[in-house]
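Have the structure open as you read.

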Amino acid sequence: MKQFISVNDVSNINALVKQALAYKAQPFLDKHLGANKRIGLLFLNPSLRTRLSTQVAAQNLGMEPIVFNVDKEGWALEFAEGAVMNGTTVEHIKDAAPVLGNYFDILCIRTFPSLVNKEDDYSENIINQFIKYAGIPIVSLESATLHPLQSLTDLITIQESVASNENLKNKKPKIVLTWAPHIKSIPQCVANSFSEWMNVWGEANFVIAHPAGYALSTAFTKGATILNDQEEALKDADFVYVKNWSSYEQYGKVLSTDEGWMMTNKKLTLTNQAKVMHCLPVRRNVELSDEILDGPNSLVTQEASNRVWAAQAVLAEILKNS
Ligand code: CP
């Protein structure tokens, strides 16, 4: 693996999940793999899980992580080619990225979309410029359109859950990604990425449910069954992945805050005692009810703790190939 930007950088998904679970069983299995290597974690946006789990993962591999909150502590970066920098930006990515490439062996970036300019966001302009100018392996900690470390974590959690449930062992699980209400305009990244991973993995009956106006880009959803009727989608589901996203069609807009789309215990009765997932942070009693988050069907804490093993498996693959 030379970089980790999307599922397309993974040659064998199940092997990567297996490696992650091996690290979960033995965190220090490869504690010398990253000796004398340094990893930079650049945050242009906030994070709790991604930031801390990736640091822990790097340290488990013997690497030294250095976190830099670019949004708060760095110079304002310019990404436009040919920009006349007489405004608020101070340093061009063409100048900053090669310097970072000399300080680190691997560079990880978190950057959110504008949710204003669809073309710009979906070109992945920011992370692509780090790839172009840093000259070292780049790992996405969530980009404008995707969150691949989250999706790998989600798949690890699903496979763990299947392995521990006799009723699921010899069947293709039904996995439903359902839109949920939110008060703010939220990126499509997690939903895009989860859809893409499910479709490439191909070992689930994958269904997406959302209200009208919330269709995701078909670049990520092709192969999925897509319904506007949540209750229909939830029937016999084994896993329900709850997530809000803003409209892709009317880009970045909040078209609905319909409380009727919040996942509740009543809706769980439609499912096959489904396990419920969410990437966190979650708006309690807006996206997901307390009764689910505090109940036995919730996988959210296990899912978040698996972020360490997902990051460790990815970093190990990159170290082995660099
Ligand atoms: N799920 C996730 O990416 O969490 P953070 O935003 O806290 O990193």
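## The ligand and its pocket

The ligand takes up the space of the largest pocket. Bear in mind that this is a predicted model.

How much space lies in that largest pocket? About 500 Å³. There are 26 residues lining the largest pocket, and those closest to its centre are R110, F112, E142, L280 and P281. Two elements, α2 (49–60) and α8 (189–201), each give two or more residues to this lining. Sorted by class, the lining of the largest pocket comes out as 13 nonpolar, six polar and seven charged residues.

Now for the ligand's own surroundings. Which residues are around the ligand? The set runs S47, L48, R49, T50, R110, H147, Q150, C279, L280 and R307. By class, that shell holds three nonpolar, four polar and three charged residues.

Oxygen atoms of the ligand pair up with polar atoms of the protein at R49, T50 and R110. Here's how those pairs look:

| Residue | Protein atom | Distance from a ligand oxygen atom |
|---|---|---|
| R49 | polar backbone atom | 2.9 Å |
| T50 | side-chain N or O atom | 2.6 Å |
| R110 | side-chain N or O atom | 2.9 Å |

So much for the pairs; next comes the cover. Taken alone, the ligand exposes 250 Å², and the protein buries 93% of that.

Definitions and conventions
Residues numbered from 1 in each chain as written. Predicted model: local features only at pLDDT ≥ 70, side-chain atom pairs only at ≥ 80, totals over all residues. Heavy atoms only, no water. Near = heavy atom within 4 Å. Polar contact = N/O pair within 3.5 Å; in protein donor to acceptor, adjacent residues only side chain to side chain. Areas by Shrake-Rupley, 256 points an atom, 1.4 Å probe, with all protein chains shown as cover. 1 Å grid on protein atoms, 1.4 Å probe; cavity = no way out; pocket = protein on both sides within 12 Å on 5 of 7 lines; lining within 4 Å. Sits in = over half its atoms within 2 Å of the grid points. Nonpolar A, V, L, I, M, F, W, Y, C, P; charged D, E, K, R; others polar. Points joined across faces, edges and corners; volume = space filled by probe spheres on them. Helix = DSSP H or I, 4+ residues; strand = E, 2+ residues; numbered from the N terminus.
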